[in-house]
Amino acid sequence: MAEKSMEKLVSLCKRRGFVFPASEIYGGINGFWDYGPLGIQLKNNIRDDWWRNMVECPPVGPDGHPLQIVGLDSAIIQNPKTWEASGHVGGFNDPMVDCKESKSRYRADHLLVISNRNDTGENRMYAFIADDSDSEDRAHKLLAKYEKVDLPLSEVDYQVRPLVQLPVEDLQRIVGPDVKTPGSLTEPRQFNLMLDTYPGVIRDETNKAYLRPETAQGIFLNYKNVLDTMRVRVPFGIAQVGKAFRNEVTPRNFIFRSREFEQMEMEWFCHPDDAKKWYEFWKDQRMKWWLSLGIDPENLICRDHEQDELAHYSSACVDVEYRYPFTTPGFGELEGIAHRGGFDLTQHQEHSKVKMQYFDQERNERYIPHVIEPAGGLTRGTLVLLCEAFTLDENRPSGVYMKFLPRLAPIKAAIFPLVNKEGMPEIAEKLYLDLRGKFTCQFDVKQNIGKRYARMDEVGTPFCFTIDGQTKEDQTVTVRYRDTLQQERIGIDKVEAF
């Protein structure tokens with residue numbers, strides 16, 4: 001992954017219609033992105049694969065029988081009491097610092113500060129963003145830049161500490177990430193991540209509502225509705241794909257951390273005694289699914305949360321992490337699998353005064369189910385497949401091609417007439433019309449055939465079918481394979497089966 005450039009990937013995404021900056025003609029808006037014709041197709045393919053494997057054809061459980069999982073699409077705006085019960089209104093805050101010189105804003109808990117270990121109280125200290133790249137590498141670069149230190153960090157008498165652990169008076173000595181002089185950072189202050197809105201005609205605090213920061217709460221609010229209307233029994237799951245919104249302090253790394261994003265979440269309701277078993281089950285299942293998308297196993301890990309990382313209501317949580325170009329050689333979050341216990345249903349029962357207990361006829365017992373939550377990022381999943389598919393190849397005109405699995409590729413096949421004459425376009429268009437009802441195909445007659453192949457390589461089309469002069473003679477076409485560049489001839493009547 002080290003040789004993959006994020007800058008080149010972002011450029012390709014813009015050039016080939018995967019992802020555009022939102023509102024670009026007006027200068028854009030930080031933390032928001034638009035998905036172009038190929039980007040939305042790729043994202044939908046990932047979403048559909050998740051939905052198929054989670055809802056339409058859910059996994060087989062430990063007892064050898066298929067699991068019960070149903071779908072849901074809840075409203076983006078819920079009654080504001082939802083977020084009071086969930087703890088988001090009171091506790092969904094991050095410490096924030098501003099830079100008075102650069103006008104940049106940072107998560108205080110994302111800033112590390114490097115300083116002289118034998119500090120006399122006069123030396124400068126340098127702040128940098130912890131998760132932009134390897135911390136030791138960033139610290140060493142700062143020392144080389146400002147202190148002219150060329151030794152490895154292990155041989156230098158410096159220390160690295162989180163900014164939030166330093167006394168306030170040290171702020172006057174700290175040089176911020178984007179400036180050259182100390183003292184420009186403000187004191188950390190709490191910053192609420194909820195984006196609010198005011199539905200209705202009156203715009204005041206009594207009418208304030210919120211754009212959901214996660215899709216999970218809509219599932220908990222509909223838990224009883226699903227029980228009452230669907231033939232499900234505990235254990236069962238409710239799945240949802242949808243938009244969520246967080247007022248991120250510092251959106252960055254392309255679509256990795258944005259203010260509007262999509263989630264693929266499933267809440268698995270089970271007996272408290274069985275929760276640990278199901279937690280282990282879903283850890284295994286979720287890793288298998290991500291690997292099924294063609295991700296190199298070397299680029300995926302499962303990382304268990306340390307005790308101090310867990311939410312107060314959670315007894316266990318594991319992240320599926322991917323080695324992104326901006327985290328390499330480390331990893332960044334892709335999906336979390338959390339043991340949420342009975343917290344959510346209990347909170348909504350207390351705040352709404354509606355009973356959330358489940359009566360288990362087999363056990364002759366009433367209880368509030370515990371919840372295991374596999375919560376994946378659809379936006380981040382799209383980024384992962386873009387990173388994973390981005391393949392360098394100096395033998396190709398642009399030096400790169402996108403190696404998507406065929407079932408996930410935005411375009412499955414391209415149909416080309418070799419030249420735009422001699423009846424070839426008509427044969428090619430007929431083949432296109434025959435295929436388009438079953439496959440996402442593209443018919444293209446413009447430019448020479450080499451440039452058309454090059455464009456299909458950059459958008460990740462696995463197969464190109466070319467109609468040429470021989471087609472009229474023997475009813476065969478040329479198939480070109482994206483990954484190997486090999487070509488072979490098959491009958492035009494065999495293309496759909498191929």
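**Notes on the predicted model**

1. Phe220, Tyr223, Phe236 and Phe269 come together as one aromatic cluster. Please keep in mind, here and in every point that follows, that this is a predicted model. As to burial, Phe465 counts as buried at 3% relative accessibility, whereas Phe498, at 38%, counts as partly exposed.

2. Which residues have the most contacts inside the largest nonpolar core? That core has 63 residues, and the ones in question are Phe18, Ile69, Trp268, Trp282, Trp290, Ile372 and Leu383. Its largest share, eight residues, is contributed by helix H8 (residues 275–292). Another core, of 22 residues, lies apart from it and includes Cys99, Met125, Tyr126 and Phe128. As general background, nonpolar side chains in soluble globular proteins tend to be buried together.

3. Trp290 deserves a separate look, with residues up to four places away in sequence left out of the count: it touches Met264, Ile295, Leu300, Val320, Leu334, Glu335, Gly377 and Gly381.

4. Helix H2 (residues 37–56) packs with H8 at an angle of about 140 degrees, the two axes being 12 Å apart, and the crossing of H2 and H8 is right-handed. On the H2 side the contact is made by Ile46, Asp49, Trp50, Asn53 and Met54, which meet Trp282, Arg286 and Trp289 in H8. Sorted by class, this contact of H2 with H8 has five nonpolar, one polar and two charged residues.

5. Is Gly342 buried or exposed? Gly342 sits in the loop between strand S17 (332–341) and helix H9 (343–352), and it counts as buried because its relative accessible area, 16%, falls under the 20% cut-off. Leaving aside residues up to four places away in sequence, Gly342 touches Ile368, Pro369 and His370. Between Gly342 and Asp274 there are 13 Å in space, C-alpha to C-alpha, and the two are 68 residues apart in sequence.

6. In helix H9, the buried residues are Phe343, Asp344, Leu345, Gln347 and His348. These buried residues of H9 pack against helix H3 (81–86), helix H6 (216–221), helix H7 (223–229), strand S14 (260–270) and S17. Just after H9, Lys353 takes a positive phi of about 65 degrees.

7. A cis peptide bond, with omega about 5 degrees, joins Val234 and Pro235, and Pro235 lies in the loop between H7 and strand S13 (236–245). A cis peptide bond also joins Thr328 and Pro329, with omega about 10 degrees; Pro329 lies in the loop between strand S16 (316–322) and S17.

8. Positive phi values occur in residues other than glycine, including Ser23, with phi near 55 degrees, and Leu485, with phi near 65 degrees. Ser23 lies in the loop between strand S1 (19–21) and strand S2 (33–35) and counts as partly exposed at 38% relative accessibility. Leu485 is found in the loop between strand S26 (476–481) and S27, and at 34% relative accessibility Leu485 counts as partly exposed.

Conventions:
Residues numbered from 1 in each chain as written. Predicted model: local features only at pLDDT ≥ 70, side-chain atom pairs only at ≥ 80, totals over all residues. Heavy atoms only, no water. Helix = DSSP H or I, 4+ residues; strand = E, 2+ residues; numbered from the N terminus. Buried < 20%, exposed > 50% of the residue type's maximum accessible area, 1.4 Å probe, protein only. Contact = heavy atoms within 4.5 Å. Core = buried A, V, L, I, M, F, W, Y, C linked by side-chain atoms within 4.5 Å. Axes fitted to C-alpha atoms, helices over the stretch in contact; angles between N-to-C directions. Left-handed = near helix turned anticlockwise from the far one by under 90°. Nonpolar A, V, L, I, M, F, W, Y, C, P; charged D, E, K, R; others polar. Phe/Tyr/Trp six-rings, centres within 6.5 Å; stacked < 30°, edge-to-face > 60°.
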